[in-house]
Every structure is written in structure tokens, then in C-alpha cells.
Amino acid sequence: MAPGVRLMQKVSATRAFARVAPHVVPAMDRTVHRLTRGKVLLSARMLPGLILTVPGARSGQLRTTPLACMPEEGAERSWILVGSNFGRTGHPAWTANLLAGPDKAVVNWRGRDIPVHATLLEGAEREAVWRAALKFWPPYATYQARIDREIRLFRLRGRDGS
């Protein structure tokens, strides 16, 4: 485990972090990612991260969101996204966008744009991935415990030809 990760896990599980982080972390990530031409994502120093671009569910305008992700072991160009919204009540907007356009998403992974197909995980498949997510980032359990909604999990896979 990288130095500081355990401390960051404790901090990220607090309600204060849930209030502040959604406004600060994505803005910093977007700025640094743009300035480094896709080579650096600050939050990826703690967790792997990607930039998700998908049309808005209602507006159709492209929405770009930096997100933590779980690259899938042994699967090339496959990631798990956790719609935790830092343990806040509503689902994050990007999850509605993926539901509305699962084949319209593109991820920027390590500076490379990759068209992906998004699948909302359900049932036994979701449960298995949720257990892996809790091992990967234990604060997800705290996020789930303080909200009534079920946190959405998505698998993103590179589309053929990408």
C-alpha cells in the first residue's frame, strides 16, 4: 500500500470529505489532466483513474468526468466504475449518462482515448464485483452504509475496433 493511502482512506470516509471533495477533486483532476495533455491525473496517485466522456442523458452535450476506477485483472481495456458519489444521497450524474448511452462513452486511460461499452452490474455479478471493490477501497463500505440507494457499479469494456 502506497504511503498515505491508509490516511486518505480514513479522511475520504468522513462526511466533511463527502461535502468538499465532489467540488474540489474533479476540478483539480480536469485541470491537471488538460495541462499535461492526458498524462497526469492527480487523484490517480491514490487510486487508478480515468477520464470518462459521455453525452449527457438529457442535454446530449458531452460531459467529461475524472473518476477513480478498478482496472480488471487479466482483462485488457476493462474497468469497473463505482458510482459512490462520495457517499452522498443521489446517484452521480455520470451514471445516468452511462445508462442512457452505454455505447457512446469514451475513456481516456493513460493519455489514450478508448471507446467503451458500459454495463450496469446486477445480481450475483454485482455482488462479486462489490466484494472486490471493498477490498480495493474499503471506504466504499462507509459510503454505502450512510445512504439508502444501492451504489451503481459499471463494467466498461473497450469496444471492438478501438
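A residue is called buried here when its relative accessible area is under 20%, and by that criterion 41% of the 162 residues of this protein are buried. The model is a predicted one. Its accessible surface comes to about 9,100 Å², of which 53% belongs to carbon and sulfur atoms.

**Overall arrangement**

The protein contains five helices and seven strands, which follow one another along the sequence in the pattern α-α-β-β-β-β-α-β-β-α-α-β.

In soluble globular proteins, nonpolar side chains tend to be buried together. The largest nonpolar core of this model has 17 residues, and those with the most contacts inside it are Leu50, Leu52, Trp79, Leu81, Leu98, Val107 and Leu156. The elements listed below each supply at least two residues of this core, as does strand E4.

| Element | Residues |
|---|---|
| Strand E1 | 49-55 |
| Helix H3 | 93-100 |
| Strand E5 | 105-109 |
| Strand E6 | 112-120 |
| Strand E7 | 152-158 |

A second, separate core has 16 residues, including Met70, Leu121, Trp137 and Tyr140. Returning to Leu52, its contacts beyond four places in sequence include Leu67, Leu81, Trp94, Leu98, Val107 and Leu156, together with Arg63, Thr64 and Thr65.

**Ile80 in strand E4**

Ile80 lies in strand E4, which spans residues 78-83, and Ile80 counts as buried because its relative accessibility is 1%, where the cut-off is under 20%. Apart from residues up to four places away in sequence, Ile80 touches Cys69, Met70, Glu72, Leu121, Val129, Phe154 and Arg155. Its C-alpha atom is separated by 9.6 Å from that of Thr119, a residue 39 positions away along the chain.

**Aromatic pairs**

A pair of aromatic rings is described by the distance of the centres and the angle of the planes. The model has four aromatic pairs. In one of them, the rings of Trp130 and Tyr140 have centres 6.4 Å apart and planes at 35 degrees, so this pair is classed as tilted. Trp130 belongs to helix H4 (residues 123-136) and Tyr140 to helix H5 (residues 139-145), so that the two partners are ten residues apart.

**A nonpolar surface patch**

On the surface, Val20, Val24 and Met28 form a nonpolar patch with about 250 Å² of accessible area together. Of these residues, Val20 lies in helix H2, which covers residues 15-35.

Notes:
Residues are numbered from 1 along each chain as its sequence is written. This is a predicted model: local features need pLDDT of at least 70, side-chain atom pairs count only at pLDDT 80 or more; totals for chains, interfaces and linings use all residues. Side-chain values use heavy atoms; hydrogens and water are left out. Patches are made of residues with over 30% relative accessible area and no salt bridge: like charges are joined within 9 Å, nonpolar side chains (Val, Leu, Ile, Met, Phe, Trp, Tyr) within 5 Å. Accessible areas come from the Shrake-Rupley method with a 1.4 Å probe; for residues, only the protein chains shown count as cover. A salt bridge is a side-chain nitrogen of Lys or Arg within 4 Å of a carboxyl oxygen of Asp or Glu. Helices (H or I, at least four residues) and strands (E, at least two) are DSSP runs, numbered from the N terminus. Buried means under 20% relative accessible area, exposed over 50%, partly exposed in between (1.4 Å probe, protein chains only). Contact means heavy atoms within 4.5 Å. A nonpolar core is a set of buried Ala, Val, Leu, Ile, Met, Phe, Trp, Tyr and Cys residues joined through side-chain atoms within 4.5 Å. Rings of Phe, Tyr and Trp (its six-membered ring) pair if their centres lie within 6.5 Å; planes under 30 degrees apart count as stacked, over 60 as edge-to-face and the rest as tilted.
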